Amino acid sequence: MDKKIIKALIPALLLTKEHKIMTEKAKETLVSQDHDLEVFVDTKKYDARIAGVWNNFFDEWRGKEYDYLLVTANDIQHDPKCVDFLVRLAEEHPEAGMVSGKVERDLDKFVKEFGKRTYAERLTVGFPKDPATMLFRKGVIEKIGRVDELFPLEFVERDYLYRM
């Protein structure tokens, strides 16, 4: 597989020390061994909250050079294989405009399996249960457009995925 260009967004309001620590961990663990990954942390406050952050990021990259855009939450830590597995899954399934990985909410299990996960080529059709890290294929934002800024926080990604 060719090396892909990935631009990643971590939206993060850094209101507390805990927010800063979470965001640093999210950024530190967002890595790729196989691809060119550039991570942007957006700490600006937008009137439209999370939708405003997404739209700013999408507007920045619309029509520019990249293979994938990745949007992730700032309150998670990524397995070191996460990004490369997502790209592999997307490359094996060109019909998918977006792919997302499984989120492990059990910290003890996450730590135990950290870096030891194996690739599972399953593609589940429909909405991800917990879309904390999403990889969008080039062309999706040009086709779908901007995020609807009227949706509340937790529904922004679901509305966008529904429109895909």
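Start with Trp54: setting aside neighbours within four places in sequence, this residue is in contact with Leu9, Pro11, Val71, Met134, Phe136, Val147, Val156, Glu157 and Tyr160. Bear in mind that this is a predicted model.

**The cores**
- The largest nonpolar core has 21 residues, and Trp54, Phe58, Leu69, Phe136 and Tyr160 are the ones that touch the most other members.
- At least two residues of this core come from each of helix H2 (49-61), strand E3 (68-72), strand E5 (133-137), helix H5 (140-144) and helix H6 (156-163).
- Helix H2 is the top contributor here, giving six residues.
- There's also a second, separate core of 17 residues, with Ile6, Ile10, Leu30 and Val87 among them.

**Val53, on helix H2**
- Val53 sits in helix H2 and counts as buried because its relative accessibility is 6%, under the 20% cut-off.
- Beyond neighbours within four places in sequence, Val53 is in contact with Leu9, Pro11, Asp42 and Tyr46.
- Take Asp42: Val53 is 11 residues from it in sequence, and their C-alpha atoms are 7.1 Å apart.

**Thr72, on strand E3**
- Thr72 is found in strand E3 and is buried, at 2% relative accessible area.
- Not counting residues up to four places away in sequence, Thr72 touches Leu9, Ile10, Pro11, Leu30, His78, Ala132 and Thr133.
- With Ile10, the sequence gap is 62 residues, yet the C-alpha to C-alpha distance is 5.4 Å for Thr72 and Ile10.
- The side chains of Thr72 and His78 are joined by a polar contact of 2.9 Å.

Methods. Residues numbered from 1 in each chain as written. Predicted model: local features only at pLDDT ≥ 70, side-chain atom pairs only at ≥ 80, totals over all residues. Heavy atoms only, no water. Core = buried A, V, L, I, M, F, W, Y, C linked by side-chain atoms within 4.5 Å. Buried < 20%, exposed > 50% of the residue type's maximum accessible area, 1.4 Å probe, protein only. Helix = DSSP H or I, 4+ residues; strand = E, 2+ residues; numbered from the N terminus. Contact = heavy atoms within 4.5 Å. Polar contact = N/O pair within 3.5 Å; in protein donor to acceptor, adjacent residues only side chain to side chain.
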